[in-house]
Amino acid sequence: MRKYFSALIMIVVIAGCKGKSELKPELVLTNNNVLLPTIKFSVEEKADYNIKYWSENNPERIQVSTTSTGIDHTIVLANVKSETKYNYVIYNKITKKQSQTFSFQTGPLPFDIITTKKKAIDTTLFDGFILIRKVAPVGSDVILDNEGDVVWYHLYDTAVRRPSSWTKQNTILSIYDSSHIVEYDLFGKALINMKLEDYGIPNMIHHDILYNDNQEIVSLTHDSVKMDLRKLGMGANELVRADGIIVLTKEGQVKWKWNLLEVYNPLDYPKRKINLKHSLGHANSIAIDNDGHYVISFRDFSQLWKINSVDGSVIWKLGEGGDFSLTKENVFLKQHAIYFNEKHELMFFDNGDRSLRPNSRILSFDIDEKLMQAKTVTDITLPLELSADKMCSAEMIKDNLYLVCTSKKSGIVSVVNDRAEVLWRVDLTSPSYRAYYLPNPFEVK
């Protein structure tokens, strides 16, 4: 990993407390990350310790670290801002005594992570955080707070792929390249570092990755086969790259695989163009329903397909020409970032089309599989500035509040209401493929 030299960080004793045992903490940077200041200290007797810390600019907002047990302690502090002075005390959870007050100054951010330009900030809208990703030329994952400031980052040493997701364990599951899966926590600890070639897995992972309820890794893949496409005016031995699903254990065991060509023959659709430069169907996101079956977004079909996770059959298709009756207004185009929101509505970013419908939308459907009905619940037309015909995501924060990630030349992260009014916005120095809303991941429970 590329190393960055931060500004000098010094520990300063602010005030002494008579009668308290003297500690001599050392401050280092975990992974040389200026937003992961780490306090190291030793004590004479084994005990449980944590650290209470606060910005000198905001002394009423005291944060508490994770707990360390033992004689030699190393405690990583998270959710801090760059170039800011912090005070802290070391707290003995057994004796209920705390140290004198120490302080440190964080350094500047590395130049090649995503940074923001604040356009509209309302800190009363939400209490959570926003995860975004810079893909190239040097990849980084970045967490913003409700003030639009960077409070956490993970820096790669090269470009990364688009797929990443926030897990229920407060970790980031990610694709380093098309065959390299990594996972790490908020304190810089690597949990998975899996190269598929080491396990004899030839698949190329793309666009999305997440965990199922069994803590198995689910991702979209490419598989290439040769086909005779003369019926479609192409060659007799064309290489067709088709999308699929792969399910892996953390130990690299393939549990299940599926490919679009198992249920779809392009020769049956002579009017549907095949772009051999991209994957057939152009799957761009996957969601897992409550019954364990998969829903895939096929951008080139402008459809969502539900796939049986046991036998690979198609349970239904949603979109124009699918299994549900949709009005003309409810037909979506080139959609991205499907997921089930807290109300179990199938929500996504409806990109639209530059010529057919340039305005993108936030859409959600309530799917009734027994009656085979798809009821539109959310339908918010976004302004052109927040619209794009590629990439992007939309996510419900709470009723009448939505996080929108617009991926253009630079990128926009905004929060809008159901009238598409922009209530919160930051512009990015690099586009992010998707944005995730995180309830406070730094809260110690």
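## Close-up views of a predicted model

**View 1. The largest cavity and the residues around it.** The largest cavity is lined by Arg133, Arg162, Ser164, His207, Asp208, Tyr433, Arg434 and Tyr436. These residues belong to a predicted model, and the views below should be read with that in mind. The volume of the largest cavity is about 50 Å³, and the count of cavities of 30 Å³ or more comes to 1. Sorted by class, the lining of the largest cavity holds 4 charged residues, together with 2 polar and 2 nonpolar ones. Rolling a probe the size of a water molecule over the atoms is what shows where empty space is left.

View 2. The largest pocket has a volume of about 1400 Å³, and its lining is made up of 35 residues. Trp166, Thr167, Lys168, Tyr339 and Phe340 are the lining residues that lie nearest the centre of this pocket. Several strands each supply at least two residues of the lining, namely E12 (164–166), E16 (204–211), E20 (283–288), E24 (336–340), E28 (393–398) and E32 (436–438). Of the contributions to this lining, that of E16 is the most, with 4 residues. By class, the lining of the largest pocket has 16 nonpolar residues, alongside 10 polar and 9 charged ones.

**View 3. Strand E9, covered on both faces.** Strand E9 takes in residues 129–134 and is mostly covered, with 6 of its 6 residues buried. In a regular strand the side chains alternate between the two faces of the sheet. On one side of E9 stand Phe129, Leu131 and Arg133, on the other Ile130, Ile132 and Lys134, and the residues of both sides are all buried.

View 4. Towards E10 (residues 140–144), E9 is joined in the antiparallel sense by 5 bridges, and the two strands form a hairpin with 5 residues between them. Within this pair, Leu131 has Ile143 in E10 as its bridge partner. Towards E32, E9 pairs in the antiparallel sense over 3 bridges, where the bridge partner of Ile130 is Tyr437, while Leu131 stands opposite Tyr436 in E32.

**View 5. A second open sheet, from E16 to E19.** Another open sheet is formed by 4 strands in the order E16-E17-E18-E19, with antiparallel pairing. Its edge strands are E16 and strand E19 (254–259), each of which pairs on one side only. On average, and with direction ignored, neighbouring strands of this sheet are turned by 30 degrees against each other. Strand E18 (residues 238–248) pairs with E19 in the antiparallel sense over 5 bridges, and in this pair Ile245 has Trp258 in E19 as its bridge partner.

View 6. A disulfide is a covalent bond between the sulfur atoms of two cysteines. The count of disulfides in this model comes to 0. Cys392 is buried, with a relative accessible area of 1%, and Cys405 counts as buried at 0% relative accessibility.

**View 7. Ile175 in strand E13.** Ile175 is found in strand E13, which covers residues 171–177. Is Ile175 buried or exposed? With a relative accessible area of 0%, Ile175 is buried, because buried means a value under 20%. Ile175 and Met194 are 19 residues apart in sequence, and from C-alpha to C-alpha they are 9.7 Å apart in space.

Definitions and conventions. Residues are numbered from 1 along each chain as its sequence is written. This is a predicted model: local features need pLDDT of at least 70, side-chain atom pairs count only at pLDDT 80 or more; totals for chains, interfaces and linings use all residues. Side-chain values use heavy atoms; hydrogens and water are left out. On a 1 Å grid over the protein atoms alone, a cavity is a set of points where a 1.4 Å probe fits but cannot get out, and a pocket is an open set with protein on both sides within 12 Å along at least five of seven lines; lining residues have an atom within 4 Å of a point. Grid points are joined across faces, edges and corners, and a volume is the space filled by probe spheres set on the points. Ala, Val, Leu, Ile, Met, Phe, Trp, Tyr, Cys and Pro count as nonpolar, Asp, Glu, Lys and Arg as charged, and the others, Gly among them, as polar. Buried means under 20% relative accessible area, exposed over 50%, partly exposed in between (1.4 Å probe, protein chains only). Two strands pair if DSSP finds at least two bridges between them. A disulfide is a pair of cysteine sulfur atoms within 2.5 Å. Axes are lines fitted to C-alpha atoms, for helices over the stretch in contact, and angles run from 0 to 180 degrees between N-to-C directions.
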